[in-house]
Amino acid sequence: VVPNGVLVDEAGTVRFAKYGGFSIDNPDDVATVERFLAGGEPGASPVADEAYVLGPAKRERVAALVERGRRLDEAGRRPEAVAAWRDALRLDPENLTIRKQIWAAEHPEKFHPTIDFGWQQDRLREERAAEVAQGVCGLDGCPLPRVGDDRRDSRPSP
Amino acid sequence: MEEPTGAVGTPLPDLALPKLDGGELALADLRGKKLLLFFWGSW
């Protein structure tokens, strides 16, 4: 999750961390930095949302697929690179970095010369809706069986 | 229990980050200075 702001003292110790939502446009964040630079205590760090963490095996698999995609893309094999990134995204559907990598590869015009954030929001909504319909779970949960769904109807009667 | 990397009160890990103008910047080389690390994305 970005943007993050981390304050580190002269000895290399982390003294303040805000993971997600740190902004130089936020007066509270600016005041925190100014207190720290003036020699004071930066204040309590906000409690970060519970980290979204994949299990180690899945994390390694995702990292390997992302790296495979990167190498393929470097070799000029973009369709294969995107396929590898899509495999990674299926394992880690909340990973916006991977999702955006795919978007940037397939729709560079949405990223240069200006970044079309509205397009990204629409695209994310559409893709997640499609994934949930396919049963791909994410942070927003797994799709519930629909009324009349075969799986629901096939449960044994009590 | 071990503190996660980046937790308040823990030492910053030894990171070396690529610089925009080439080469790398090792955070260890900045010891003795107060740092604000700001991680963000432009996309």
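The model is predicted, so I noted its limits: local features need pLDDT of at least 70, side-chain atom pairs count only at pLDDT 80 or more, and totals for chains, interfaces and linings use all residues. Side-chain values use heavy atoms, without hydrogens and water, residues are numbered from 1 along each chain as its sequence is written, and chains are lettered from A and ligands numbered from 1 in the order in which they are written.

I then looked up who takes part: 29 residues of chain A and 20 residues of chain B are in contact (heavy atoms within 4.5 Å).

I searched for salt bridges (a side-chain nitrogen of Lys or Arg within 4 Å of a carboxyl oxygen of Asp or Glu) and recorded zero between chain B and chain A. On chain B, the side touching chain A has 11 nonpolar, six polar and three charged residues; Asp, Glu, Lys and Arg count as charged, Ala, Val, Leu, Ile, Met, Phe, Trp, Tyr, Cys and Pro as nonpolar, and the others, Gly among them, as polar.

I turned to chain A itself and found six helices and two strands, in the order β-β-α-α-α-α-α-α from the N terminus; these are DSSP runs (helices H or I, at least four residues; strands E, at least two). Of the 158 residues in chain A, 29% are buried (under 20% relative accessible area, 1.4 Å probe, protein chains only).

Note on methods:
Buried < 20%, exposed > 50% of the residue type's maximum accessible area, 1.4 Å probe, protein only.
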